[in-house]
Amino acid sequence: MKKKGFTKLIAALLVVALIGTGCQGQNEGKNAKGDGANNVVEIDFWAAPNPTQQSFWKKMADGYMKEHKNVKIKVSPMPESPSSEAGIQSAIASGHAPVISENISRGFAAQLAASHAIVPLDEFKGFAELISKRQMKETISGWKFADNHQYVLPIYSNAMLFAWRMDVLKELGYDAPPKTYSEVIELGKKLKKKYPDKFLWARADLVKPTWWARWFDFFMLYNAASNGNNFIKGNKFVADDEAGVKTLQFFSDLSKNDLLLTREATDPFENATAIMVDLGPWTFPYWAEKFPEMEFKQNYVLSLPPVPDDVDPNNVKTFADTKGLVIYASATKEQQQAAFDFIKWVYSDANNDLAWFKQTNLPPARDDLSTNEAFASYLAENPQLKQYAENIPNAIPPMDNEKTVEIQELIGKEALNPVVKGQKTADKAWEDMKKAINGVLK
Amino acid sequence: MASPYLIYSIIFFLFPLCWAIYLAFTNWNLIAPDYEMVGLQNFIEAFFSKSVRAAFWVTYKFMLMFVPIVIAGSLCLALIIHSLPKLKGLFSVGYFLPYLASGVASAIVVNGVLSYNSPLNTFFRHSFGLDIDWLGSPILAPLIIALMMAWKFMGYYALLFLSGLESIPKEIYEAAEIDGAVGWKRFWHVTVPMLYPSFYTVTILAVGLMFGIFTEPYVLTGGGPDYSTHTWQLEIYNQAFEKLNAGYGTAIAIINSVVTFASILVFRKVLEKWGARHGWE
């Protein structure tokens with residue numbers, strides 16, 4: 001019996017080994033296809049797990065392949081379980097990474113670059129021409145990594161703005177949103193006097209350490225207060241201390257005046273429970289469907305973030321919610337160049353950016369979005385998008401550090417959350433946060 | 001020829017387990033071409049980590065809330081269904097439906113029901129002047145999650161109790177009646193001991209479940225407030241997939257497995273002792 005059992009085990013292991021060898025053989029075959037079987041270069045393009053973006057890239061790929069018979073582009077959605085980043089991580093680990101993918105944030109790109117999983121795009125021939133043709137010199141300047149390379153080509157850039165309930169502001173005697181911290185607090189006090197049950201800003205994430213939430217609260221205000229000063233550069237904490245403390249003090253003042261609703265609320269801005277909200281252009285299709293009564297310049301307006309009282313409220317910076325394309329180091333040189341040539345072709349024509357804009361509602365990352373004739377009629381039909389377009393050059397992308405998640409979690413845990421809860425002063429919170437972040441950066 | 005189940009176990013259990021044990025001793029993030037062996041560093045870091053310790057205690061806190069509620073609730077459901085003259089099957093299926101519901105969907109619904117401007121909270125504020133921060137309280141938030149889990153699993157565990165109830169021979173009840181055991185006495189001294197196999201199964205399943213909670217805290221609270229709903233799975237997810245510390249995340253997963261095993265072992269021993277007192281071996 002024992003001998004039979006041992007024989008069965010060996011047989012099972014042999015079967016498994018055979019299967020594994022077969023799969024490995026297939027993988028090698030797949031990778032080798034890019035090396036010139038029939039001179040056709042095959043590229044796997046992973047689009048975001050979003051039907052509109054997939055549709056756009058399929059159309060672009062079809063158009064490119066018609067003109068370039070030696071390239072075959074397969075567009076497929078990236079796996080998103082449990083997240084798209086985890087899907088890419090698994091793909092790289094298992095040797096099944098695509099040649100090129102979109103939907104990459106600067107922070108994740110920093111992790112990929114630190115692990116040498118992606119290649120610098122500025123080393124490709126034609127990079128400068130691509131940037132010039134797509135009019136994105138200013139936009140992309142903020143994307144350079146600490147090693148002076150560009151690893152990501154931003155596709156879209158949502159220059160985050162604040163929306164204000166203009167109908168309520170008018171009732172309080174305002175014909176424009178406030179621009180400085182004092183003006184905001186004063187407005188808030190008037191709001192509480194007239195409507196004790198309303199709040200200035202409803203945002204449950206203010207008391208949670210959720211790392212990505214910091215982009216839409218802390219960094220919107222910090223970028224405005226510091227005029228776009230870097231937070232981290234390379235492996236060094238270089239944030240503007242004075243601006244940072246003032247930003248935290250503003251949050252503290254909002255909290256002390258009971259102007260913040262830090263509990264989950266359903267559509268608080270739309271229901272006028274809160275009169276200010278951090279807003280990206282992805283909200284407008286949702287409003288068109290669920291809240292058609294939301295009309296630009298009638299019951300809401302858009303503005304850049306408020307600034308400390310001693311900062312010029314004109315030409316203010318904000319946070320850029322932006323993602324882009326990367327090319328993976330695991331691809332062959334031939335595949336990498338073919339992928340780069342493809343995106344260079346896509347962005348050589350402003351009409352492709354227009355098609356993207358119409359299909360996805362995400363503003364293309366270009367300096368001339370508000371001035372280029374190609375987009376004029378679309379922006380005229382959608383005036384609420386014009387402010388987003390105008391502020392693309394003012395929008396600062398996320399930090400490029402592989403410890404982005406840890407750092408932003410610490411901003412929440414050590415600074416923002418305790419300040420909003422009234423547990424720390426702004427100065428102490430900033431110092432504690434700085435100490436903790438320096439510990440992570442070592 | 002080798003057993004298919006053996007092949008399945010080797011491919012989907014043994015290989016991943018061996019790989020996980022290896023990974024736990026490295027600092028690999030699954031995407032870098034190089035990594036180092038770090039010995040026990042990951043395990044040591046996990047033992048001293050505030051968030052891992054929080055996950056350890058939060059699991060037992062959930063257990064204290066969830067296990068009694070779900071056992072009592074599912075037993076009551078089973079008794080009700082068992083006493084129905086007809087349509088038992090229909091009611092069994094009905095009560096089983098929450099088990100099939102998506103955890104994400106139910107969490108989103110609960111989030112809406114408990115939101116600040118929901119009809120429920122608006123009613124409490126206007127009628128009683130009560131402003132309850134359901135998911136912001138370190139006491140209420142875990143209780144709500146425990147209740148959600150109980151709602152989800154009550155129907156499933158009720159089926160296990162129901163099959164136990166149906167398998168108790170009628171002769172035992174007749175004999176007990178002759179001896180004067182009726183009503184509560186009959187329930188405590190006949191029904192409950194006879195349901196030992198069902199209690200054993202349900203308790204072990206419920207205890208094991210607590211080490212795998214992820215969806216509800218992920219959607220509702222993110223592990224807060226102040227780590228009060230921070231679970232093992234949330235910590236593993238954060239480390240492995242958000243911070244790309246795959247080696248460290250794997251070490252936490254292995255620690256979780258060991259703690260799960262040890263906890264279930266303790267419960268097993270207690271249940272077996274109780275069963276032995278009532279004649280079960």
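Mentor: Strand 5 (residues 161-164) of chain A pairs with strand 11 of chain A in the antiparallel sense, over three bridges; strands here are DSSP runs marked E of at least two residues, helices are runs marked H or I of at least four residues, and both are numbered from the N terminus, while two strands count as paired if DSSP finds at least two bridges between them. This is a predicted model, in which local features need pLDDT of at least 70 and side-chain atom pairs count only at pLDDT 80 or more, whereas totals for chains, interfaces and linings use all residues. Residues are numbered from 1 along each chain as its sequence is written, and chains are lettered from A and ligands numbered from 1 in the order in which they are written.

Within this pairing, Trp164(A) stands opposite Val301(A) in strand 11 of chain A. Both strands belong to an open sheet of five strands, whose order in chain A is 9-6-10-5-11 and whose pairing is mixed. The edges of that sheet are formed by strand 9 (260-261) and strand 11 (301-303) of chain A, each of which pairs on one side only. In general, the strands of a sheet pair through backbone hydrogen bonds, either parallel or antiparallel.

To place this in the chain, note that chain A is divided into domain 1 (36-157 + 321-396) and domain 2 (161-319 + 401-441), with bounds that come from an automatic or database domain assignment. The C-alpha centres of these two domains of chain A lie 29 Å apart. Their contact takes 18 residues from domain 1 of chain A and 21 residues from domain 2 of chain A, where two residues are in contact if their C-beta atoms, placed from the backbone, lie within 7 Å. On the side of domain 1 of chain A that touches domain 2 of chain A, the largest share, four residues, comes from helix 4 of chain A.

Leaving aside its neighbours within four places in sequence, Ile104(A) is in contact with residues including Ala109(A), Val152(A) and Lys323(A).
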